[in-house]
Amino acid sequence: MIRRFHLVCSWEEVVIPCASDDDSESVDLQLSNLEDIKKDPSSLELTDCFSHPTHQQPRGEVIIERLIGSVQEFFNCELKGEFEKLTFLRSLSSLSRTLPYDETAESFIQSHITDILHILNLLLQEEPPHSLLSPMRQEVFVTIADFSYQDVHLFFGSEDGADLFSLVIKSMITLPSATTLAQLQEVTASRPNNSECLYRQTFQAFCEMLQSLVVKDPHLENLDTIFEFMDPWLQSVKDHERERATASMAQVLKCLSSHLSLKLPLRFQRLGHLVALMALLCGDPLKEVAEEAAEGTHHLLHITMRLKYLTHDKKNHQSLRKAMKKCRELLQLYNTKQFYSCPFKIAQVFEVFLNANELCQFVMTTLDGLKNVRHPCTQQSAGELLITLVKNAESRFEKVPEIMGVICAQLSTIIQPSIRQQVINTVSLFVSRPKYTDIVLSHLLCHPVPYDRHLAELWRTLEVELPSTTWILWRLLRKLQKCHNVPTQEKMAYVAVAATDALYEVFMGNRLRAATFRLFPQLLMTLLIQIHHSIGLTMSDVAIPSGLYVDQEVSSEVTPLCLAIQATKTLLLRTLCWQEFSIMEKNKGWTLLEGKDCHLQGVSLLASALLERHHLLAHKVMYLLVPLLNRGNDKHKITSAGFFVELLQSPVARRLPNVYSVARLKDWLHHGNNLFRVLGLKGLCYLLRHQEMREDIKRLLPCILDSLYETDESIVLLAIQILLHFVPSMDFTTLAAMMRALFSLFGDVRPNVHRFSMTLFGASIKSVKNTDKKGVENQVLDSLVPLLLYSQDENGAVAEESRRVLSICAQFLKWKLPQEVYCKDPWYSTPHEVGTICKFFGKKCKGKVNILAQALMYTKNTKLPIRRAAALFVGVLSKYMDHSELKMKGTDWIEYDLRDMLHDPEPSVRILASQALFRVQKVKSEPKPRQTVCRLRKLMGCLST
């Protein structure tokens, strides 16, 4: 059909083609029709009724020359009056119609394009921007359209043309609303005029000017330019501007749809952006805008199908058929009018045709729509479009990091809870797709910690279907685990800190609860390892990506350690480990975990608590650790080993193959790190509870005996603890070697080592068989004086154990000790009892062991009670010894040691040493009558025989 209208003050009738009003019928979705169109594109060419009248004979060279002269005259003079301006425009318009059959006119126009652009620009600039009092704008639009129909596109090909296009659009779109224009007309008009009619005709001319650009647009490059200039006006905050832009864009799409004749290559690369923008306009609060946008979207669907048919992969023809079928099914459910009542349906329909890049454009444009705070319903539409498209498009997106960046940046601007949740659900959909999980997580982890309230809300409210929860949590966990598998570096990787904080937020939200229970073993161990890595670190020890904290400073209160601790606490609480949490609180377990030297104690405490209160979870952790103990860096291994060893107390540990239990612990006994040796021995102690594993452990006795010589107290004590189990079954050679090693530990500065070495020594004596007693008798005799002196130790437990083991030695020697030996009072307070003790031991040990020499060795002991007891013992013992034997051996060596004691810093020691020296010197100075008597007795004995 041809729409005609008469221009105000027009000389002649102007005929302009446009699209039919009946083109809003349903879109033809039959693929066969599309194929026919492709085979015969001429079917879409302009019909005769759309062409300008062709003159069989020219109007005459005279008329053309007169038009050229008229136009030329206007080029050379200033256009002052309205009549002159309109005359120029109509002459130019009439001249444009002669272009198809007159070379002179064509040559003239081509050579004066710049002049034409310049004058048209001036004419529009001279028009008042806020009123419409003359048909000047209308005439400009008509003139431009006339040129376009003759394939002379004034807007394209030059910078001046682009500037004119921008000005043309602005001059029409920015006019006040029709109501305002009518009011202005009443106030300012000098002559009666129908302002409403003038506005309607001007706007119609504007729309048909735009349509003239796309009537012949096989490559869609004109559409691309139109959309580029119309884009900002389609998003205008002013209702009347947005309404005009939408209506004119709808008319452009309608015309293009009716006269579509596409050819490769296509220049329109912003389909996704256009679809999203039209969809957002379908949800516009202004009903007129929404309805215009809905109709435009309907025609855009027609264009899209033709476009996709032309550009689809010929090898994948079946995919297009499926897309068409899906589109047809959707359109059977929705009609065109429903588009503006339910804009999200547009996403469902168009999604099947959009490629990855166009999908990204759609999402980005929709996210921009979320900024529209003035129109909540537009925000609502944007949220619905976003979630619908992402849900339906599945894994066909590109530039996901950029999409995540925009979402994170805009979360703070979205106030409505429902829309915030839709945006978060969009992130949830992306992260739940395996293809995008790592990409999304990596982007979310590139934000400052602790996360602000918006990102924290995102982590906490992730809405993911149950099958995907474990996958997402596992991938987040792997981000942290990978940091533990590399050698310890100078600075901690930032992703380790960010992932720890993210886990904390996920636990707080508790939306991934099922996955948290399922992955509890991995989560717990990874966080404990992260705690170990974080001990003593601040954020300055973290490799923070440049530019991350541009607008804010890193808080000194935030450390990697505090983030790891809070994540671990939250994990226990969310997995209902209340009692384990309580045990850690009561026993200062969190403080232990944070300590550099006591971290393993904290790990052991938590492992024991878990085994005691939640053994099923503990067993899961144990099975997890079995294959992982030798992986990762040293801190990873130590923390894992510490937890694993505590779990060996469980009866389930007996099921472990030897290679994962005893053999592994044996390897740790030879490890260069003392912590592993401690854990190895501790693990063996726990395995001793399982009868069937003792034989395997017994084969390790030589290694365990070597541990008695270690400087680390824990290693020695654990070795003693293990050896105590095997004393009854030891062979004599091993037993004797062990007793010699234990004797060397008597008097050890480490009280527990001293005490338990005596305990094991006593147990060894008890287990000696009658046939082997002779072999260890000297060892037992040598231990008497040390045990006796250490019964005076300031440590009550050591003193008590000394007396107990001394009684065992006496039983071995078949002696009956005087009761004074068991007295707990200090010797210096009961000297008469000391006399009894010395008399007994002097008599029993005579000729067997030099107890005086042994006692003198302890006069230099570091412990005051032992030096004091040694001085008293030497002094009193000298009184009960055989003086002749003492004189015969000499007393100088005794006096030498006692004189040294006279310089002891403790007065009581000096006094006792002085008394002992006096007694020894007295023995030395005694006459020898007793020797004479002895000789007479011997002589009398000989005579009697």
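Trainee: How do helix α40 and helix α41 pack, and at what angle?

Mentor: In this predicted model, helix α40, which covers residues 773-790, packs against helix α41, residues 796-813, at an angle of about 145°, and their axes are 9 Å apart. The crossing of α40 and α41 is left-handed.

Trainee: And which residues meet there, α40 against α41?

Mentor: From α40 the residues in contact include Val-776, Val-780, Leu-784 and Leu-788, and on the α41 side they include Val-798, Val-805, Leu-806 and Phe-812. Sorted by class, the contact of α40 with α41 has 14 nonpolar, two polar and two charged residues.

Trainee: OK, new topic: how many aromatic pairs are found in the whole structure?

Mentor: The search of the whole structure finds 19 aromatic pairs. A pair of aromatic rings is described by the distance of the centres and the angle of the planes. For Phe-227 and Phe-268, the distance is 6.4 Å centre to centre and the angle between the planes is 70°, and this pair is edge-to-face.

Trainee: Where in the chain do Phe-227 and Phe-268 lie?

Mentor: Phe-227 lies in helix α10, residues 221-234, whereas Phe-268 lies in the loop between α11 and α12, so the pair ties together parts that are 41 residues apart in sequence.

Trainee: Are those two, Phe-227 and Phe-268, buried or exposed?

Mentor: Both Phe-227 and Phe-268 are buried.

Trainee: What about Phe-397 and Phe-430, how are their rings placed?

Mentor: Their ring centres are 5.1 Å apart and their planes stand at 70°, and because planes over 60 degrees apart count as edge-to-face, the pair of Phe-397 and Phe-430 is edge-to-face. This pair links distant parts of the chain, with Phe-397 in the loop between α18 and α19 and Phe-430 in helix α20, 33 residues apart. Phe-397 is buried, with a relative accessible area of 3%, and Phe-430 is buried too, with a value of 0%.

Trainee: Which residues form one aromatic cluster?

Mentor: Phe-141, Tyr-199, Phe-203 and Phe-206 form one aromatic cluster.

Trainee: Switching to the backbone, which peptide bonds are cis?

Mentor: Most residues other than glycine have a negative phi, and most peptide bonds are trans. The bond from Leu-264 to Pro-265 is cis, with omega near 0°, and Pro-265 is found in the loop between α11 and α12. Another cis bond runs from Val-449 to Pro-450, with omega near -5°, and Pro-450 is found in the loop between α21 and α22.

Trainee: And what is the phi of Leu-220?

Mentor: Leu-220 has a positive phi of about 60°, although it is not a glycine. Leu-220 is found in the loop between α9 and α10, and it is buried, with a relative accessible area of 0%.

Trainee: Is Lys-399 buried or partly exposed?

Mentor: Lys-399 counts as partly exposed, at 44% relative accessibility. Its phi is near 55°, a positive value in a residue other than glycine, and its place is in the loop between α18 and α19.

Trainee: Last one: how many helices and strands are in the protein chain?

Mentor: There are 48 helices and four strands in the protein chain, and buried residues make up 54% of its 945 residues. Its accessible surface comes to about 43,100 Å², of which 52% belongs to carbon and sulfur atoms. Among contacts with a separation of 6 or more, 75% are between residues 24 or more positions apart.

Key
Residues numbered from 1 in each chain as written. Predicted model: local features only at pLDDT ≥ 70, side-chain atom pairs only at ≥ 80, totals over all residues. Heavy atoms only, no water. Axes fitted to C-alpha atoms, helices over the stretch in contact; angles between N-to-C directions. Helix = DSSP H or I, 4+ residues; strand = E, 2+ residues; numbered from the N terminus. Left-handed = near helix turned anticlockwise from the far one by under 90°. Contact = heavy atoms within 4.5 Å. Nonpolar A, V, L, I, M, F, W, Y, C, P; charged D, E, K, R; others polar. Phe/Tyr/Trp six-rings, centres within 6.5 Å; stacked < 30°, edge-to-face > 60°. Buried < 20%, exposed > 50% of the residue type's maximum accessible area, 1.4 Å probe, protein only. Areas by Shrake-Rupley, 256 points an atom, 1.4 Å probe, with all protein chains shown as cover.
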